[in-house]
Amino acid sequence: MLLLLLLVLGCVRGADFSNSYLKVSPARTQIIVELEISFKTDVVLNASDRVWVQLPKVTSGRGTKEPGADKAVHLAPSIYFEGTWREGEFRSVERPFLNSTLELKVRAGVRLERGEDVTVKVYKTNELRVYCGFDRASNTNDPLTLRTNATLATGSPARFDDSDVVGNGCSRLLDCLERGTCDYCTERCACYEKLGDGDDISRTRSYDCSLSNCPTGLAWVDVPDPRRPNIRREVECSNAGVCETQRGECACFDGFTGDACQRRTLCIDASAGGGDEDCAGRGACVTMRETARVDHALPLTEENYTYGVGPEAWDADAIQHCVCDSSWEVGLDPRETQSPEYFGPRCSLKRCPTGDDPATVGDETDCTNVTAAGGQARGQPGNKCHVECSNRGTCDYAFGRCTCFSGFYGAACDKLIKNAGVV
């Protein structure tokens, strides 16, 4: 009876390994590294038993997307295990070689008792590389695990207790200012809610989480939806102000107030007119009814609209705003860009130079089939997105100049400093 109870307890044990740690030397990406794997066995390992060590982002290839090959691996010490490398698949830039695995087969005549401390080194002669960086195992959800088929083992993967940090992480982005989490593979921040996360309502996206989203309210000005003509969308600053992202506060246009510019303080008399001087000489002051017929007015649409009549279009002639100028053509057609050069309530702000992010594979400036901000229409083939400072700097909208992050340079921050270590 006691023996049976012990067998049952052995079968329901929560983990087969403990005190596990992965050391990577040097702790850098794209170069040949040495791996040191240590763990304590919580089950008995007999000859021919196997331990599978899943090592996502590690590859036997040349550090490209092209997978390497399965191969025998030389270990030290070699008295316990025979090693085989099982190359994983390149599934995505964010999760490459997710199922790469080091298979350890217990040698003939070897028995590792329960509670035994084991350290295995995989030397540089095996030519393994870390494709992209990763955080400590205790801080990541990547499947860095150990599993065994030993008798009485649970067979379930046991997460590593900890590991080295590999790569630059978000050090160039001030480690996300503790306002977000870092994707060590893409070296980008995922900001916490309302801190530049760019959610479904807010258009504010901060690459170092230094910016903040603004309060939202029902839109005063919007593209009419024929299916729901009486419904107004919830938008940032109620489309009646500019979000000051440094503080997460709305700077309301004249005539609007409230934390989300959701209240009006006076009526705007459309008959009062307003020449180009009202838009800092960089745009035209037009009514909402006129805006519907302007091709490059924001938000962009596939065709000109009739703003409407009756109570649904109460603001057609009562509200005026600036349609800003641009040195490039604005629109959804080929060779047109979805954002104008000047913007803001008085067209007083200037966008910075645009460029493709030099640290990514795709072309961020390609707006083909991309929905225009604030609307429902999509860019045609050859349409361009305006990617300020190539996503690798911050823009001074007063002058339209970029301040590049460390490791990047150029008017649009679209050039990578040599040997900067960016993947």
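UniProt positions are given here in the numbering used for this structure, and such annotations may be inferred rather than shown by experiment. The model is predicted. According to the UniProt annotation, from an unreviewed entry, "domain: EGF-like" covers residues 228-262 and 381-414. A search of the whole structure finds twelve disulfides, and the structure also holds seven aromatic pairs.

**The annotated span 381-414**

- The UniProt record places "domain: EGF-like" on residues 381-414 as well as on 228-262.
- Residues 381-414 are 29% strand and 0% helix.

**Disulfide Cys389 to Cys402**

- Cys389 and Cys402 are joined by a disulfide, with an S to S distance of 2.1 Å.
- This pair links distant parts of the chain, 13 residues apart: Cys389 is in the loop between strand 25 and strand 26 (393-396), and Cys402 is in strand 27 (residues 401-404).
- The link of Cys389 and Cys402 is left-handed, with -95° about the S-S bond.
- Cys389 and Cys402 are both buried.

**Disulfide Cys404 to Cys413**

- Another disulfide joins Cys404 to Cys413, with 2.1 Å from S to S.
- The disulfide of Cys404 and Cys413 is left-handed because the torsion about its S-S bond is about -95°.
- Is Cys404 buried or partly exposed? Buried means under 20% relative accessible area, and Cys404 has a relative accessibility of 27%, so Cys404 counts as partly exposed.
- Cys413 has a relative accessibility of 0% and therefore counts as buried.

**Disulfide Cys324 to Cys347**

- Cys324 and Cys347 also form a disulfide, at 2.1 Å from S to S.
- Which parts of the chain does the pair of Cys324 and Cys347 tie together? Cys324 lies in strand 23 (residues 320-324) and Cys347 in the loop between strand 24 (342-343) and strand 25 (349-350), so the pair ties together parts that are 23 residues apart in sequence.
- The angle about the S-S bond of Cys324 and Cys347 is -95°, and the link is left-handed.
- Cys324 is buried, at a relative accessible area of 10%, and Cys347 is buried at 0% relative accessibility.

- A pair of aromatic rings is described by the distance of the centres and the angle of the planes.
- One of the seven aromatic pairs is that of Phe90 and Phe97, which is edge-to-face, with 5.4 Å centre to centre and 80° between the planes.
- Phe97 is buried, with 0% relative accessibility.
- Ring pairs link Phe90 and Phe97 with Tyr131 into a cluster.

**Aromatic rings: Phe343 and Tyr397**

- Among the seven aromatic pairs is also that of Phe343 and Tyr397, an edge-to-face pair with 5.1 Å centre to centre and 90° between the planes.
- Phe343 is in strand 24 and Tyr397 in the loop between strand 26 and strand 27, and the pair links these distant parts of the chain, 54 residues apart.
- Phe343 counts as buried at 17% relative accessibility, whereas Tyr397 is partly exposed at 31% relative accessible area.
- Which residue lies over the face of Phe343? Arg351 does, at 4.2 Å from the ring centre.

Conventions: Residues numbered from 1 in each chain as written. Predicted model: local features only at pLDDT ≥ 70, side-chain atom pairs only at ≥ 80, totals over all residues. Heavy atoms only, no water. Helix = DSSP H or I, 4+ residues; strand = E, 2+ residues; numbered from the N terminus. Disulfide = S-S within 2.5 Å. Buried < 20%, exposed > 50% of the residue type's maximum accessible area, 1.4 Å probe, protein only. Phe/Tyr/Trp six-rings, centres within 6.5 Å; stacked < 30°, edge-to-face > 60°. Lys NZ or Arg CZ within 6 Å of the ring centre and 35° of its normal.
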